[in-house]
Each structure stands twice: as C-alpha cells, then as structure tokens.
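Student: I've got a new model open and I'd like to learn how to read it feature by feature. Can you walk me through it?

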Amino acid sequence: ALKSTVLCFGRACHWQEMEDVAKMGNASELVPLLLHCYAEAGEVSGMEGAHRDLHALGLGDTAQSLGTLMTGYERAQMHDAAQAVRTRARTLGIDLGDCIQRAGEHQSSGQD
C-alpha cells in the first residue's frame, strides 16, 4: 500500500507527504518511486535529492535510476544534464535507449 500511496501523492505533486510516506517503508523499494514521481513532474531538485539517496543505497547507477534521471532532465528542458547522464550510463556500459522503454512499462504495471 505504501507504493501506491507514494505514487498518489507524487501524481498530485504533494512532495512533502510523498517523502513522509516513503520514510515509513523500505527505502530501496520506495526511493526509486520518489525519483520517478519527481522526474515525471520535471521537479529537478527533488529528483536530484532522490538520486543522491539512491546512490547512498548503492542503487544510483542502475539502468532504471539513470534512465529515470535522464527522462526527468529532458522534461525539465535540461538537455545538457540529460546528456551528462546518458554519457555516464554509456561509461558504465548501460544503454539507456531501451531502458527508457522498460522504465515506462515497469511504472505502468501498477503493481504494489
């Protein structure tokens, strides 16, 4: 239920409530959702904070988190930042081209 609550607050752009709910659960499950919600809204400072949290969890350099970060920068019209993420991913051997597709499919599956 926490995942769907985080997503609901995220879709409504209720950032503080979303962060509060996320703190109640498993960070490695919920922080990626924070990143996703901020990225969807093009909310860069929140997105970067969530990505820092993912790094602290050892999940910052996954295809999904980098793909979400890149998408968020594109939404915010920050093309240089998006390109930097793409370059970082390439350095790590991650192809973000198909990752973007998968991230979208993963998020819309509606699993809780």
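This is a predicted model: local features need pLDDT of at least 70, side-chain atom pairs count only at pLDDT 80 or more; totals for chains, interfaces and linings use all residues.

Student: What share of the residues is buried?

Tutor: Of the 112 residues in the protein, 37% are buried. Among contacts with a separation of 6 or more, 51% are between residues 24 or more positions apart.

Student: How do I read a pair of packed helices?

Tutor: Two numbers describe packed helices: the angle between their axes and the distance between those axes. Take helix H1 (residues 2–11) and helix H2 (residues 15–23): they pack at about 165°, and their axes are 8 Å apart.

Student: Why are H1 and H2 called roughly antiparallel?

Tutor: Angles over 145 degrees count as roughly antiparallel. The H1 and H2 axes make an angle of about 165°, so the two helices get that label. As for handedness, H1 passes H2 in a left-handed crossing.

Student: Which residues of H1 and H2 meet there?

Tutor: On the H1 side they are Leu-2, Thr-5, Val-6, Phe-9 and Gly-10, and on the H2 side Trp-15, Glu-17, Met-18, Val-21 and Ala-22. Sorted by class, this contact of H1 with H2 has seven nonpolar, two polar and one charged residues.

Student: Now for single residues. Is Ser-65 buried or exposed?

Tutor: Compare its relative accessible area with the cut-off: under 20% means buried. Ser-65 has 4%, so it is buried. Ser-65 is found in helix H5 (residues 63–75).

Student: What is Ser-65 in contact with, leaving aside its neighbours within four places in sequence?

Tutor: Leu-35, His-51, Leu-54, Leu-59 and Gly-60.

Student: And charged pairs? How many salt bridges does a search of the whole structure find?

Tutor: The general idea is that side chains of opposite charge can pair when their charged atoms come close. A search of the whole structure turns up three salt bridges. In one of them, the side chains of Arg-75 and Glu-40 meet at 3.2 Å, N to O. That pair links distant parts of the chain, with Arg-75 in helix H5 and Glu-40 in helix H3 (residues 27–41), 35 residues apart. Arg-75 is partly exposed at 43% relative accessibility, and Glu-40 is partly exposed with 43% as well.

Student: What about Arg-86: how far apart are the closest N and O atoms in its salt bridge with Glu-74?

Tutor: They are 3.7 Å apart. Arg-86 lies in helix H6 and Glu-74 in helix H5, so this pair ties together parts that are 12 residues apart in sequence. Arg-86 counts as partly exposed at 27% relative accessible area, and Glu-74 counts as partly exposed at 26%.

Definitions and conventions:
Residues are numbered from 1 along each chain as its sequence is written. Side-chain values use heavy atoms; hydrogens and water are left out. Helices (H or I, at least four residues) and strands (E, at least two) are DSSP runs, numbered from the N terminus. Buried means under 20% relative accessible area, exposed over 50%, partly exposed in between (1.4 Å probe, protein chains only). Contact means heavy atoms within 4.5 Å. A salt bridge is a side-chain nitrogen of Lys or Arg within 4 Å of a carboxyl oxygen of Asp or Glu. Axes are lines fitted to C-alpha atoms, for helices over the stretch in contact, and angles run from 0 to 180 degrees between N-to-C directions. Angles under 35 degrees count as roughly parallel, over 145 as roughly antiparallel, 65 to 115 as roughly perpendicular and the rest as oblique. A crossing is left-handed if the near helix is turned anticlockwise from the far one by less than a right angle, and right-handed if clockwise. Ala, Val, Leu, Ile, Met, Phe, Trp, Tyr, Cys and Pro count as nonpolar, Asp, Glu, Lys and Arg as charged, and the others, Gly among them, as polar.
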